[in-house]
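This report is written to be read alongside the sequence and the model. Please keep both in view while going through the sections.

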Amino acid sequence: MSGGSAVTGKLHVLLVEDDPAVSEMYRVRLEMDGFRVLVAGDGQTGLRLIRELAPELVLLDYRLPRLDGPAVLRALRADDLTRGQAVVVLSAFDEPRLVDEGRALGALEWLVKTHVTPSELSGVVRRFVSLELDLQGT
């Protein structure tokens with residue numbers, strides 16, 4: 001992970017979300033709270049950006065076009081460079097089978113969009129980014 005941009009000092013969060021209204025709502029709040037937020041509208045673009053930018057945290061929708069959430073997680077875990085990428089699933093679904101699958105694939109947390117406000121999401125991001133930075137010793 002990059003530890004934040006050398007230019008802005010802000011911590012990078014990648015939001016992989018195919019619904020523009022949802023991504024805009026969360027992006028605005030996270031940016032207001034001091035994060036640099038990039039948005040990818042599909043899993044394939046999200047995976048490419050993760051590999052290129054190594055964000056501190058990825059917020060990953062589970063049902064996505066071009067490459068779904070489970071495929072993104074599998075690809076991350078199969079690659080030595082991205083195996084440790086911190087990922088929180090942000091999904092409209094809370095089916096136990098899907099939650100179990102996401103966690104088995106390495107998701108740190110499973111959040112349901114209808115149960116988490118933008119402000120609450122910002123708190124979750126702050127908590128996981130702090131944890132990741134502590135683990136890195138920065």
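The sections below go from the overall fold to the cores and then to individual residues.

## Basis of the description

This is a predicted model, in which local features need pLDDT of at least 70 and side-chain atom pairs count only at pLDDT 80 or more, while totals for chains, interfaces and linings use all residues. Residues are numbered from 1 along each chain as its sequence is written, and side-chain values use heavy atoms, with hydrogens and water left out.

## Overall fold

The chain holds five helices and five strands, where helices (H or I, at least four residues) and strands (E, at least two) are DSSP runs numbered from the N terminus. Along the sequence these elements follow the pattern β-α-β-α-β-α-β-α-β-α. Among contacts between residues at least 6 apart in sequence, 63% join residues at least 24 apart, a contact being heavy atoms within 4.5 Å.

Of the 138 residues in the chain, 48% are buried; buried means under 20% relative accessible area, exposed means over 50%, and partly exposed lies in between, with a 1.4 Å probe and protein chains only. The chain exposes about 6,700 Å², of which carbon and sulfur atoms supply 55%, with areas taken from the Shrake-Rupley method with a 1.4 Å probe and, for residues, only the protein chains shown counting as cover.

## The nonpolar cores

In soluble globular proteins, nonpolar side chains tend to be buried together. A nonpolar core is here a set of buried Ala, Val, Leu, Ile, Met, Phe, Trp, Tyr and Cys residues joined through side-chain atoms within 4.5 Å. The largest such core has 22 residues, and L14, V16, V58, L60, Y62 and W110 touch the most other members. Two or more residues come from each of strand 1 (12-16), helix 2 (43-53), strand 3 (57-60), helix 3 (69-78), strand 4 (87-91), helix 4 (96-104) and strand 5 (109-112), and helix 3 gives the most, with four residues.

Leaving aside residues up to four places away in sequence, L60 touches V16, G69, V72, L73, V87, V88, V89 and L90. A second, separate core of 20 residues includes L30, V88, L90 and V116.

## Aromatic rings and charges over them

Rings of Phe, Tyr and Trp (its six-membered ring) pair if their centres lie within 6.5 Å, and planes under 30 degrees apart count as stacked, over 60 as edge-to-face and the rest as tilted; by this rule there is one aromatic pair. The ring centres of Y62 and W110 are 4.7 Å apart and their planes stand at 65°, so the pair is edge-to-face. Because Y62 lies in the loop between strand 3 and helix 3 and W110 lies in strand 5, the pair ties together parts that are 48 residues apart in sequence. Both Y62 and W110 are buried.

A charge sits over a ring if NZ of Lys or CZ of Arg is within 6 Å of the ring centre and within 35 degrees of the ring normal. The charged end of R63 sits over the ring of F93, 4.2 Å from its centre, and R127 lies over the face of F128, at 4.6 Å from the ring centre.

## Helix 2 and its ends

The buried residues of helix 2 are G43, T45, G46, L47, L49 and I50, and their cover includes strand 1, strand 2 (36-40), strand 3 and helix 3. At the N-terminal end, D42 caps helix 2 through a side-chain oxygen that lies 3.0 Å from the backbone nitrogen of Q44.

Just after helix 2, A54 takes a positive phi of about 45°, although A54 is not a glycine. A54 is found in the loop between helix 2 and strand 3 and is partly exposed, with a relative accessible area of 26%.

## Other loop residues

R66, in the loop between strand 3 and helix 3, also has a positive phi, near 70°, in a residue other than glycine. At 56% relative accessibility, R66 counts as exposed.

K113, placed in the loop between strand 5 and helix 5 (118-136), is buried, with a relative accessible area of 16%. Not counting residues up to four places away in sequence, K113 touches E17, V22, Y26, D61, L90, S91 and A92. D79, in the loop between helix 3 and strand 4, is partly exposed at a relative accessible area of 21%.

Key:
A polar contact is a pair of N or O atoms within 3.5 Å; within protein, one must be able to donate a hydrogen and the other to accept it, and residues adjacent in sequence count only if both atoms are side-chain atoms.
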